[in-house]
Amino acid sequence: MIKNLGNNCYLDSVLQCLFHTKSIQRYIKVDRPKDPVSVAFVNLMRDTLRSEGNPETFYRLVKDAHIDFDNNYHHDAHEALMVILEMLSKSFGRISDTMFRSKSRRALLAWGKQYNIIDEIFRVMYRCVYRCKACGHELTNYETDYCVYDNVLDTEQLEHYRCDRCKSVNKTVRKQSVFHNPPTLITIHKKNVPEDKFRFGDALYKPFAVVSHVKFDERTGHYNAHVLEGDEWVLKDTMDLKVKFKPVISFSEII
Ligand SMILES: [Zn+2]
């Protein structure tokens, strides 16, 4: 478990999910991080999975990097996940080419950063086609993100899009996104994730870690994490609190 420092449930819950991600567990067995952020993360992960981890060092690094979190307010777990993944992505070293998934070089270069284990596991890539309805011109673009949103594969109508060919600015551009290779792991921001497998895009996914939220009032609430250990969902929480299972972020693996 993670030692309760008070008012950090948005960080605790996200970290519990990251610590129960098997790809990270496998990776830290074969690589020793050197940067202070990844060292603090790996130390906390090992202690938490063994018995109890003290998050003080890691949380200090997060709060120094993202000063909005440096107080005792209730913050958003999704925002915390994005901040932590960005920090870890900069901190973990580049992985060797042999560990790459079968993504095209062109797409890998799309975000022009060093390709590291966090990008390998969490960064999802989309092939997006923008079609101008005035002239029919199509533009294909590759876009990436750490999180999958519920409606991301739906067709979208874009406003104020300037067509490369006919130069018209119109509201009738249709954007269609598909996964560029189904990701093996997705973190999905969704109100209702089934506890068992579900279809997303062309693949079936099985949730293995879920961040849930219970709202007390407009300004306060509490996050916790449910993780799959063997066949059982285990509640990871620092408070003795009965909560309704209301997922906000689900970490799901392809099956
Ligand atoms: Zn056009």
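Predicted model: local features only at pLDDT ≥ 70, side-chain atom pairs only at ≥ 80, totals over all residues.
In which helix is the place of Leu 61? Leu 61 belongs to helix α4, which covers residues 56–65.

Leu 61 has 18 other C-beta atoms within 10 Å. A residue needs 20 or more such atoms to be called buried, and 12 or fewer to be called exposed; Leu 61 is therefore partly exposed. Not counting residues up to four places away in sequence, Leu 61 touches Pro 36, Val 37 and Ala 40. Phe 41 is 20 residues from Leu 61 in sequence, and the C-alpha atoms of the two are 9.9 Å apart in space.

The wider setting may now be described. The chain contains seven helices and 13 strands. Of its 255 residues, 31% count as buried. Where contacts link residues at least 6 apart in sequence, 66% of them join residues at least 24 apart.

The next subject is the packing of helices. Two packed helices are described by the angle between their axes and by the distance between those axes. Helix α3 comprises residues 36–50, and its axis comes within 8 Å of the axis of α5, crossing at roughly 115°. The crossing of α3 past α5 is left-handed. On the α3 side the meeting residues are Val 37, Ser 38 and Phe 41, while α5 contributes Met 87, Leu 88 and Ser 91. The residues of this contact between α3 and α5 comprise four nonpolar, two polar and no charged.

Helix α5, residues 77–91, is also approached by helix α1: their axes come within 9 Å and cross at roughly 60°. That angle makes α1 oblique to α5. The crossing of α1 past α5 is right-handed. Here Tyr 10, Leu 11, Ser 13 and Val 14 in α1 meet Ala 77, Ala 80, Leu 81 and Ile 84 in α5. An α-helix has 3.6 residues a turn, so residues three or four places apart point the same way.

The strands remain to be considered. Four of them form an open sheet in the order β2-β1-β7-β4, with antiparallel pairing. Strands β2 (138–145) and β4 (156–158) stand at the edges with a single partner strand each, so one side of each has no neighbour in the sheet. From one strand to the next, the twist averages 30°.

Strand β1, residues 124–131, pairs with β2 over eight bridges in the antiparallel sense. Within this pairing, Arg 131 stands opposite Glu 138 of β2, and Cys 128 has Asn 141 of β2 as its bridge partner. Together β1 and β2 form a hairpin with six residues between them, and Gly 136 in the turn has a positive phi of about 85°. Strand β1 is also joined by six bridges to β7, residues 173–179, and these two strands run antiparallel. In β7, Phe 179 is the bridge partner of Tyr 126. In a regular strand, the side chains alternate between the two faces of the sheet.

Conventions:
Residues numbered from 1 in each chain as written. Pairing = 2+ DSSP bridges. Helix = DSSP H or I, 4+ residues; strand = E, 2+ residues; numbered from the N terminus. Axes fitted to C-alpha atoms, helices over the stretch in contact; angles between N-to-C directions. Parallel < 35°, antiparallel > 145°, perpendicular 65-115°, else oblique. Left-handed = near helix turned anticlockwise from the far one by under 90°. Contact = placed C-beta atoms within 7 Å. Nonpolar A, V, L, I, M, F, W, Y, C, P; charged D, E, K, R; others polar.
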